[in-house]
Amino acid sequence: MTLQTSRKQVPVSAKRLSKLAPNWSYANNILNFGCGKFPDLTEEYLTNYHKQSMTVTHFDPNSKTKGVVNNIAEIDSSKRRFCVMLCANVLNMCKDLDAAIADMAKIDFDCAVIQIYEGNRSGKGRKTRDGYQRNEPVSAYLPILTSNFHKFDVTLHRSDKCITIVKGRKYYKLDDLED
């Protein structure tokens with residue numbers, strides 16, 4: 001996913017999780033989806049900066065780093081639920097967007113925070129010095145995410161260049177209840 005394009009830095013969205021994930025104050029099981037080469041940086045930031053007791057699981061099918069899950073089937077959604085799934089700068093680098101979103105759909109999570117780097121916003125994917133960039137604005141990802149996660153509340157955060165997907169009224173079918 002992001003292995004060839006990883007830079008040694010903590011993703012901006014990891015620094016903004018407390019504002020973007022409504023369940024952050026009690027989140028204790030985090031999935032770093034498409035973690036790249038430096039999963040330890042994100043984990044260290046999440047566990048130390050926020051001073052919360054949490055478990056961070058890293059998933060990247062291309063990673064050779066010890067402790068990173070490479071096969072999405074190893075994350076069994078019937079046995080494992082994640083409070084927050086962080087997906088930082090992954091979808092904007094995928095040539096096969098449908099496959100990446102299909103993998104995301106296999107995860108049982110309460111909230112997903114998806115950060116998108118927009119590149120030059122031309123909509124024309126191309127090779128870059130770090131790999132591949134889709135160059136699409138964050139709003140371009142909204143239709144495909146909404147169609148794949150139609151039971152979730154999907155929200156665009158333009159200023160943060162993020163999309164959040166949260167289990168809400170639609171997921172729990174609370175709109176069908178009578179007063």
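## Ground rules

Residues are numbered from 1 along each chain as its sequence is written, and side-chain values use heavy atoms, with hydrogens and water left out. In this predicted model, local features need pLDDT of at least 70 and side-chain atom pairs count only at pLDDT 80 or more, while totals for chains, interfaces and linings use all residues.

Helices (H or I, at least four residues) and strands (E, at least two) are DSSP runs, numbered from the N terminus.

## The sheet

Seven strands form an open sheet. Their order is E3-E2-E1-E4-E5-E9-E8, and the pairing is mixed. Two strands pair if DSSP finds at least two bridges between them. E3 and strand E8 (153-157) stand at the edges. Each has a single partner strand, so one side of each is left without a neighbour in the sheet. Strands of a sheet pair through backbone hydrogen bonds, either parallel or antiparallel.

Now look at E4. It pairs with E5 in the parallel sense, over six bridges. Here Met85 stands opposite Ala112 in E5. E1 and E4 also run parallel, joined by three bridges. Ile30 stands opposite Val84 in E4. Is E4 buried or exposed? Seven of its seven residues are buried, so E4 is largely enclosed by the rest of the structure. Buried means under 20% relative accessible area, exposed over 50%, and partly exposed in between (1.4 Å probe, protein chains only).

## The nonpolar cores

A nonpolar core is a set of buried Ala, Val, Leu, Ile, Met, Phe, Trp, Tyr and Cys residues joined through side-chain atoms within 4.5 Å. The largest one has 29 residues. Phe33, Leu91, Phe109, Leu145 and Ile165 have the most contacts inside it. Strands E1 (29-33), E4 (82-88), E5 (109-115) and E9 (162-166) each give two or more residues to this core, as do helices H4 (97-105) and H5 (142-148). The largest share, four residues, comes from H4.

Take Leu91 as an example. Leaving out residues up to four places away in sequence, it touches Leu97, Ala100, Ile101, Met104, Ile114, Ile116, Arg134, Tyr141 and Leu145. Contact means heavy atoms within 4.5 Å.

## One side of helix H3

Which residues of H3 (residues 39-49) are buried? They are Pro39, Thr42, Tyr45 and Leu46. These residues cover an arc of only 135° around the axis, which puts them on the same side of H3. The arc is that of the directions from the helix axis to the C-beta atoms. An α-helix has 3.6 residues a turn, so residues three or four places apart point the same way.

The cover over these buried residues includes helix H1 (12-15), helix H2 (17-20), E1, strand E2 (55-59), strand E3 (68-69) and E4. After H3 comes Lys51, with a positive phi near 50°.

## Aromatic rings

Rings of Phe, Tyr and Trp (its six-membered ring) pair if their centres lie within 6.5 Å; planes under 30 degrees apart count as stacked, over 60 as edge-to-face and the rest as tilted. This rule gives four aromatic pairs. The rings of Phe149 and Phe152 have centres 5.7 Å apart and planes at 85°, so the pair is edge-to-face. Both residues are buried. Together with Phe109, Phe149 and Phe152 form one aromatic cluster.

## Glu136, a buried loop residue

Glu136 lies in the loop between strand E7 (131-133) and H5. Its relative accessibility is 18%, so Glu136 counts as buried. A polar contact of 3.2 Å joins its side chain to that of Arg134. Such a contact is a pair of N or O atoms within 3.5 Å; within protein, one must be able to donate a hydrogen and the other to accept it, and residues adjacent in sequence count only if both atoms are side-chain atoms.
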